[in-house]
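Student: Could you walk me through reading a protein model? I would like to go feature by feature.

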Amino acid sequence: MSATMKTAIGSLVVGGVVLALKTLAWWMTGSVALLSDALESTVNLATAVAALVAIGVAAQPADANHPFGHHKAEFFSAVLEGVMIIVAAIFILREAWHGFQAPRVLDAPVEGLLVNGAATCLNAVWAFALVRQGRKLRSPALVADGKHLWTDVFTSAGVALGVLLAISTGWWILDPVMAGLVAVNILWSGSRVVKESLSGLMDEAVPDKILEHIRDVISAEASGAVEAHDLRTRHAGSATFVEFHLVVPGTMTVFDAHEICDRLETAIGKVIPDTRVTIHVEPEHKSKHSGIVVLS
């Protein structure tokens, strides 16, 4: 079992425990704000399942119907997560409106906050580990899940503050007001997740810093060639696709040109793991002398 799959299973377990604790906190208090926190954790659990399925699909090798692999399955998971976050926010707004119309005194608020606090601490630890591991494994699904958990941590802290204010002041209307604020924050978070995931589905190029690394590697490792141009990149899940044209002297043998290509593929793979490199070799008269990677 891959490290990515193990991490996704860990998210499922943690999500289940956190949901149970937050649901217990809501049941103990009857707080609309704590209910909103529990509803967000329901989304966390559902999206953890979606991420697990997507990672399993993405890990499948290329086949006749999917010759470039199944890497983009993870982006679909991240988009689904964003949509579910938005749906959860709408439900929370509905509950907040009902609570605003008829504020109620909370039952056992201190005990409920302690239980909810334990769930928040667990979420914070796992969110940190999830984002770190997701970036290490270059998994969009894990990173999206981790970022959403961080949002959950901050909203949980805001909910706790609102409930504490309601307890100390006796203004119980602060409970549904805080739930409404949580919903707005969740909507913002969901829109960001969807936007970032769609960029991957649209074959967005790698970040400028990584692109500069690729240019440097080509310049350093393509000794014997004339130039490289039409460099294009895209990322899909953990895989990065790099394509460019390599201009070689017209007198160079196919064997020597192939040796340069092998050297470039190996060097680029060391800089960016899980890279798929496609190089189109061209004769010297195809040089463009503009917008190129100048080789040493």
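Tutor: Let's take the overall fold, the surface and a strand pair in turn. This is a predicted model, where local features need pLDDT of at least 70 and side-chain atom pairs count only at pLDDT 80 or more, while totals for chains, interfaces and linings use all residues. Residues are numbered from 1 along each chain as its sequence is written, and side-chain values use heavy atoms, with hydrogens and water left out.

Student: How many helices and strands does the protein have?

Tutor: Helices (H or I, at least four residues) and strands (E, at least two) are DSSP runs, numbered from the N terminus. Here there are eight helices and four strands, in the order α-α-α-α-α-α-α-β-β-α-β-β.

Student: What share of the residues is buried?

Tutor: Buried means under 20% relative accessible area, with a 1.4 Å probe and protein chains only. In this protein, 47% of the 296 residues are buried.

Student: Why is strand 1 described as largely enclosed?

Tutor: Strand 1 (residues 227-236) is largely enclosed by the rest of the structure because seven of its 10 residues are buried.

Student: Which strand pairs with strand 1, and in which sense?

Tutor: Two strands pair if DSSP finds at least two bridges between them. Strand 1 pairs with strand 2 (residues 239-247) over eight bridges, in the antiparallel sense. Within this region, His235 stands opposite Thr240 of strand 2.

Student: And side chains in a strand?

Tutor: In a regular strand, they alternate between the two faces of the sheet.

Note on methods
Buried means under 20% relative accessible area, exposed over 50%, partly exposed in between (1.4 Å probe, protein chains only).
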